[in-house]
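Me: I have a model on screen and would like to learn how to read its features one at a time. Please take me through it.

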Amino acid sequence: MKTLKNLIYLLIVFTLISSCSSDDEPLPAPLGDYENGLLITNEGPFQNGTGTITYISEDYETVEQQIFNQVNSEDLGSIVQSIGFNNDVAYIVVNNSNKIEIVNRYSFELISSITEGLMNPRYFISTGTNGYVTNWGDPFDNTDDYIAVIDLFSQTITSTIPVAFGPEKLILMNDVLYVAHQGGYGQNNILSVIDTSNNTLASTIEVGDVPNSMIVLDNYLWVLCGGNPDYTGNETNGKLVKINVSDNSVDQVFDFLTSDHPKHLSVDGSRLIYNLNGAVYSKNGADISLPQESIISGTFYAMTTKDGKLYATDAGDFASNGALKIVDLSTNSEIQSIQTGIIPGGVYFND
Amino acid sequence: MKGIYLLIVSLMYSASLYAQLDSIQYLNEVVLVDTKLEDFSEGYVLTKISDTIISRNPQSLTDLLNFNSNIYLKENGYGMVASPSFRGTTASQTAVIWNGIPINSNLNGQTDFNTIATSSLDNITLRSGGGSSQYGSGAIGGSVHLNNTINFIENSSNELQINVGSFSSVGGIFKRKMATEKKYLDLGVDFISSDNDYQYIDLNRKNENGEFNKLNISLNGGLLLGNNKLIWNSNYFSGTRNFSGTLTAPSIDSYKDVTSRNLLTWNLTSKKWKNTIKAAHVFERYQYYPNRENPLFFEGNSNTFIGDYQLEFNVSEKVTVSSIFNYTHIKADGTNIINESRSTLAAIFLWKHLISKRISYNINIRQEFLNDFENPLIVSIDTKYTIKEWYTLKANASKNYRVPTFNDLYWTSGGNIDLKPEISYQGELSNEFSFKYFHLNMNVFYIHSKDLISWQPGTDGIFTPLNISEAENIGFEIAGKFSKSIQKNHFNLGLNYAYTSAKNLEKNKQLIYVPFHKITGKIDYRFQQFNAYYQQLFNGKVFTTTDNNSVLDSYFVANIGLEYLFLYKTMPLKIGFKLNNIFNRYYENVAYRPMPNRNIQTTITFKF
């Protein structure tokens with residue numbers, strides 16, 4: 001009996017020692033539940049509902065829906081359009097609710113909200129000191145579109161820069177901000193060039209109709225223009241436009257067929273990836289013509305690439321949960337399909 | 001004619017026999033313009049909503065049917081666009097028939113139930129089951145019949161009702177009736193305006209941008225010239241509504257709609273023959289203002305011209321046949337539809353056979369011509385068997401259809417001119433038990449619909465409608481009524497329950513915004529000139545996404561009302577109070593759109 005008692009004591013002591021020793025190992029403190037992995041913005045239903053954000057861990061094993069609501073116990077708002085980042089802060093742009101929710105990107109705890117000065121906000125980009133948000137204003141008024149400038153210290157809008165109608169995506173190169181004027185509910189065909197040192201409109205660059213996505217490759221700015229759709233009665237072809245940012249001149253233009261309206265330009269190493277006519281195409285930046293053969297089939301609502309993988313969303317019938325498809329671009333085969341929220345419109349990497 | 005009206009009266013909610021200001025003037029020559037609703041539908045369940053019930057929800061057909069029928073109504077915030085779902089079918093599969101004329105929008109296929117002024121109507125009949133053979137496109141789940149009656153009885157009366165309620169709601173209804181044995185004329189004017197800025201329960205917010213005002217003018221007249229009857233029905237509606245925001249999105253938009261309907265009916269009757277010629281014009285216009293402060297708007301207009309000839313012939317005492325030729329020409333234009341038109345000629349054959357006093361059946365056949373669709377041959381058969389004095393069995397089976405709307409066909413961008421009509425098959429069995437104090441109705445139904453039109457995103461990201469969905473609706477309905485008088489105390493109870501399973505067959509999921517369960521109930525008590533009533537509604541949970549992952553909770557709402565009739569000789573007047581949502585429950589009928597908190601409505605009605 002006594003032997004048994006001693007044995008138990010011994011066991012307890014050992015357990016204590018071993019558990020102490022594991023605590024002694026220096027591990028970096030986790031920044032939050034959502035560190036690393038993917039964030040998917042789900043616009044939510046067209047009306048009568050809320051958009052959400054889906055978290056997917058780096059190994060795709062953990063999927064958590066509605067993380068903003070889970071953490072903050074409130075709805076995010078109607079039409080969650082996009083997220084922009086500045087260090088460890090995420091700016092969630094909620095289009096129809098005319099607001100930006102500012103959260104810690106790793107814990108998703110709400111820091112602050114911007115509810116004044118935004119009207120149909122679309123995309124956010126940060127220079128480190130300022131944030132820039134494209135705004136359509138009244139979507140049926142083509143003269144009130146603007147970029148809201150946010151002071152990232154006070155998290156308030158300090159000024160606005162009026163621009164041509166339909167500003168959408170933003171890209172920053174060498175302190176110069178390029179704004180693609182996709183054209184809101186209509187069509188436009190320019191980029192606005194904004195000098196972030198004085199927050200003024202420096203110039204505009206005419207590209208193709210409906211510039212819908214931009215990437216940077218080898219110090220060139222590549223702009224994919226969808227062209228005017230058929231129903232406008234003035235259908236124009238899609239264009240891939242290469243811009244030399246040293247003088248903002250158009251270096252090269254690749255024309256698609258008139259009935260071709262490409263979307264979702266992304267970059268994988270030295271090649272450009274885009275979605276067209278129910279397929280994904282890949283063009284090497286140096287190729288002198290557009291590719292004829294597609295690499296993957298599918299029509300995607302949003303698409304982006306990272307480390308040799310394609311992340312593409314399927315919005316389904318737009319009235320139920322969508323999916324994120326992950327494709328290995330070395331084999332062009334699907335690795336994973338993961339359920340998201342309603343109308344997944346943006347894929348972001350939280351690292 | 002008299003016999004038919006007596007039948008209507010006997011089928012009515014017994015409440016209609018109650019203290020109505022003009023309850024004396026029954027019988028004699030009362031004319032219902034849409035005769036086939038009564039004459040060739042014995043095997044269908046017809047639910048009458050009497051003028052007493054109508055008068056308790058005088059300014060909203062949505063409220064009226066929500067609390068008094070199995071029809072589920074989806075309302076985008078109180079007073080906003082409201083669309084019906086009859087037996088789990090879509091709003092465009094519920095035909096709304098005004099005096100026999102279909103009035104669903106040619107543009108979106110639906111009727112907004114918040115644009116129908118109930119006070120302008122003499123009765124509302126809900127006809128369950130498919131009715132395409134008689135009423136054409138869209139009568140799939142059932143049809144809602146809005147009727148005016150013409151009474152050739154010496155009469156001259158005026159009625160003025162003033163409504164004042166919560167949320168700065170003010171309304172007025174004026175009705176003038178003049179009639180002799182040969183002439184009839186009535187005029188009705190109905191106006192309502194409301195700020196509709198109710199407080200959201202438990203939230204520090206109000207319903208914003210929900211203001212509305214509505215004006216309805218109706219005019220009905222009749223002339224009796226020997227065997228000839230000439231009847232005129234007119235209705236004009238104009239409404240302006242701001243569209244209220246949701247919990248997550250503010251709103252600044254506004255909506256205006258105008259409808260007008262005119263119908264001329266000439267009826268020549270002999271012992272064996274009945275000729276009816278109708279000419280009608282229906283106009284609709286909507287104007288959508290994305291920003292109520294700006295003059296910019298988007299619009300749609302449609303004009304419908306209808307010519308209709310019906311010949312009814314009594315072959316024998318037991319057999320009646322009728323043939324109808326209906327020519328309909330529709331023109332539509334607007335911001336997204338550029339001058340489109342459609343002409344349709346419909347030939348309809350109706351056969352009615354009374355096998356015995358207890359058994360009768362009808363066969364209806366319809367074929368359409370001229371338009372560009374593959375027009376299906378539409379057939380229906382219905383039968384009524386009175387097994388016992390207290391037990392009647394009704395059954396019907398039909399093939400029904402819905403033609404694509406002008407939006408489906410021509411909308412820029414996305415419209416698809418290659419669409420086919422939606423096709424549906426339905427069957428129904430109904431048991432009616434009628435006792436002295438108690439009336440019970442039990443129905444089971446089955447509807448299978450194919451080639452359903454659904455807007456789908458294409459590879460170019462543009463939504464376009466396709467004939468791709470298939471649905472199956474199965475359900476049952478129970479309606480019980482109990483009425484009894486103990487000395488001068490009159491009690492009247494009613495309970496409706498509907499179970500509806502409506503499945504999208506590709507996904508095998510319940511259709512969105514179709515509740516499995518809906519229960520309505522009422523208790524009505526009258527003592528001399530005093531009247532008290534209680535209305536309640538239980539609306540089961542609904543799914544808000546097609547994968548059934550998002551659920552909108554069920555809700556329960558109840559109203560009470562008190563009325564007193566002062567029988568002043570020179571000017572009788574009635575005062576009414578109604579308390580809506582007495583338990584002050586928070587509820588949403590459409591997700592993220594809270595409905596009103598407890599509110600009061602007062603009415604005063606003068607008769608002179």
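Me: Which residues touch the most other members of the largest nonpolar core?

Reply: A nonpolar core is a set of buried Ala, Val, Leu, Ile, Met, Phe, Trp, Tyr and Cys residues joined through C-beta atoms within 7 Å. Buried means that 20 or more other C-beta atoms lie within 10 Å of the residue's own; exposed means 12 or fewer, partly exposed is in between, and C-beta atoms are placed from the backbone. The largest core here has 72 residues, and A:Ile92, A:Ile100, A:Val133 and A:Val223 touch the most other members. Another core, of 54 residues, lies apart from it and includes B:Val81, B:Ile97, B:Leu126 and B:Ile453.

Me: Where did these coordinates and labels come from?

Reply: This is a predicted model, in which local features need pLDDT of at least 70 and side-chain atom pairs count only at pLDDT 80 or more, while totals for chains, interfaces and linings use all residues. Residues are numbered from 1 along each chain as its sequence is written, with chains lettered from A and ligands numbered from 1 in the order in which they are written.

Me: What is A:Ile92 in contact with, beyond its neighbours within four places in sequence?

Reply: Contact means that the backbone-placed C-beta atoms of two residues lie within 7 Å. For A:Ile92 the list is A:Leu76, A:Val80, A:Ile83, A:Ile100, A:Glu101 and A:Val103. Across chain A, residues 24 or more positions apart account for 41% of the contacts with a separation of 6 or more.

Me: How many helices and strands does chain A have?

Reply: Both are DSSP runs numbered from the N terminus: helices are H or I with at least four residues, strands E with at least two. Chain A has 2 helices and 28 strands, and 43% of its 351 residues are buried.

Me: What is the strand order in the open sheet of 4 strands?

Reply: Strands of a sheet pair through backbone hydrogen bonds, either parallel or antiparallel. Pairing is counted when DSSP finds at least two bridges between two strands. In chain A the order is β24-β25-β26-β27, with antiparallel pairing. β24 (302–306) and β27 (333–342) are the edge strands, each pairing on one side only. β24(A) is joined to β25 (residues 309–314) of chain A by 5 bridges; in one of them, A:Ala302 has A:Thr313 as its partner.

Me: Is helix α4 of chain B mostly covered or mostly open?

Reply: Mostly covered: 8 of the 8 residues of α4(B), residues 61–68, are buried. Among them are B:Leu61, B:Leu64 and B:Phe67. The covering elements include α3 (51–56), β28 (517–527) and β29 (530–539) of chain B.
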